[in-house]
Amino acid sequence: MENCIFCKIIRGEIPSRKVFEDDQILVIEDITPQAPLHLLFLSKKHLVNCLDLTAADDGLIGYIHRKAGEMARQKGYAESGFRLVQNNGAGAGQSVFHIHFHLLAGREFAWPPG
Ligand code: AMP
Ligand code: ZN
């Protein structure tokens, strides 16, 4: 998508702090971290949010979850716990309308979330 900020990051038109990249996903550091570890798992395919998914995306979403777990373990947060969050719609806090998952770790998390 031409004017999508995450598509621009994926295309390399906007700089980012890359943590991992392959043909399906890009993992970057969040520019405004909300925890000691705050990574964003971006789908390389432009999808708005869960409402945009089709059965063809089932593998992608499962893959992101598995890679998030791997990353949390690799960063040392398997025991302490971590949070994987995905906001759907402005009313739920989505501010970038390109599907992404937040991996947050390194502090205590309240439930229910704010
Ligand atoms: P959400 O509010 O769930 O849509 O999450 C969007 C996230 O993208 C926020 O946590 C922002 O801090 C983050 N963000 C926005 N612009 C950038 C950027 N250029 N590089 C890295 N993270 C960004
Ligand atoms: Zn996009």
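Reader: Two strands pair if DSSP finds at least two bridges between them. How many bridges join S1 to S2 here?

Author: 3 bridges join strand S1 (residues 18–21) to S2, and the two run antiparallel. Strands (E, at least two residues) and helices (H or I, at least four) are DSSP runs, numbered from the N terminus. Keep in mind that this is a predicted model, where local features need pLDDT of at least 70, side-chain atom pairs count only at pLDDT 80 or more, and totals for chains, interfaces and linings use all residues. Residues count from 1 along each chain as written, chains are lettered from A and ligands numbered from 1 in written order, and side-chain values use heavy atoms, with hydrogens and water left out.

Reader: Which residue in S2 stands opposite Phe20?

Author: Val27 does. S1 and S2 make a hairpin, with 3 residues between them.

Reader: Where do the polar side-chain atoms of Asp30 and His102 come in?

Author: One from Asp30 lies 2.5 Å from an oxygen atom of ligand 1, and one from His102 lies 2.8 Å from a ligand oxygen atom. Ser95 uses its backbone: an N or O atom there is 2.7 Å from an oxygen atom of ligand 1. Polar contacts with the ligand are N or O pairs within 3.5 Å.

Reader: How much of ligand 1 does the protein cover?

Author: 85% of the 510 Å² of accessible area that ligand 1 has on its own (Shrake-Rupley, 1.4 Å probe).

Reader: Where's the cis peptide bond?

Author: Between Trp111 and Pro112, with omega about 5°. Pro112 is in the segment after S5.

Note on methods:
Polar contact = N/O pair within 3.5 Å; in protein donor to acceptor, adjacent residues only side chain to side chain.
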